[in-house]
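Let's walk through this model together, beginning with the ligand and moving on to helix packing and the cores.

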Amino acid sequence: MKTVFLGGMALLVLWQSDVQAASVDNGRHVFEGNCAVCHGTPPDNLIRPKVMIAADNPNAIRNAFNIQPQMSFLNGAFTDSELRDIAKYLAKPTTTDSDRLFDWGQATYPELLSGAPLAGTALGYYYRYYPITNVFVGTQNRDVFFYDPSQPGDPLNLGSMDSFLLLAEPAGY
Ligand code: HEC
């Protein structure tokens, strides 16, 4: 089963596209640097709850720049991709891109990534370990890794987080 999983993953590495999935990590970064001063972190606070209408809706942010005088100075300050990332962050303020991918992986490959995983960080990786199947998935420097400690060799680099997010995002992650 592990071999089948890796075969599927290898195909995904060949995935090439100019399309980018939205990143909650970058959305959090941009929000904390530009919006949190007025909207707080986490953003679904009681002070200005209307910010949440922009969850998964970048147009609501563009609209806010036009209708909120206090925000007009931000008009034109962000790329389309940054606005998409902020909107994704507002939709999922408590998660990370790594966790989105791990959650998607568990739903997509339940035979391999099943049971209650143990999350942790080590050697620059953020990982989840699955005790039942004795495998790790992890991320480091925005790449995705797979590690089976029963096999010789280093963790296998499966490709960039962004290529996997392109698959996870349409599936609702
Ligand atoms: C200088 C303060 C300030 C900053 C910075 C700011 N906002 Fe706002 N924002 C406001 C105020 C004031 C409102 C109106 C009060 C409310 O709607 O809760 C508002 C409302 C909004 C709304 C709701 C608009 C509507 O349709 O009613 C959204 C969405 C929003 N902000 C997103 C953002 C995002 C994203 C950023 C960062 C890129 C940001 N804001 C930065 C002050 C700010």
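Around the ligand, α3 (36–39) and α4 (58–67) each supply at least two residues of the shell; helices here are DSSP runs (H or I, at least four residues) and strands likewise (E, at least two), numbered from the N terminus. The model is predicted: local features need pLDDT of at least 70, side-chain atom pairs count only at pLDDT 80 or more, and totals for chains, interfaces and linings use all residues. Residues are numbered from 1 along each chain as its sequence is written.

With five residues, α4 provides the largest share of that shell. In total 20 residues surround the ligand, the closest being C35, C38, R48, K50 and A64 (near means a C-beta atom, placed from the backbone, within 6 Å).

Next, look at helix α2 (residues 24–34) and helix α5 (residues 80–91), whose axes come within 7 Å and cross at roughly 95°; axes are lines fitted to C-alpha atoms over the stretch in contact, with angles from 0 to 180 degrees between N-to-C directions. So α2 is roughly perpendicular to α5, a label for angles of 65 to 115 degrees. On the α2 side the contact (C-beta atoms, placed from the backbone, within 7 Å) includes V24 and F31, and on the α5 side I86 and Y89.

Finally, the largest nonpolar core has 17 residues, and L101, V137, V144, M161, F164, L165 and A168 touch the most other members. Such a core is a set of buried Ala, Val, Leu, Ile, Met, Phe, Trp, Tyr and Cys residues joined through C-beta atoms within 7 Å, where buried means 20 or more other C-beta atoms within 10 Å of a residue's own. α7 gives the most to this core, four residues.

Key
Buried ≥ 20, exposed ≤ 12 C-beta atoms within 10 Å, placed from the backbone. Parallel < 35°, antiparallel > 145°, perpendicular 65-115°, else oblique. Contact = placed C-beta atoms within 7 Å.
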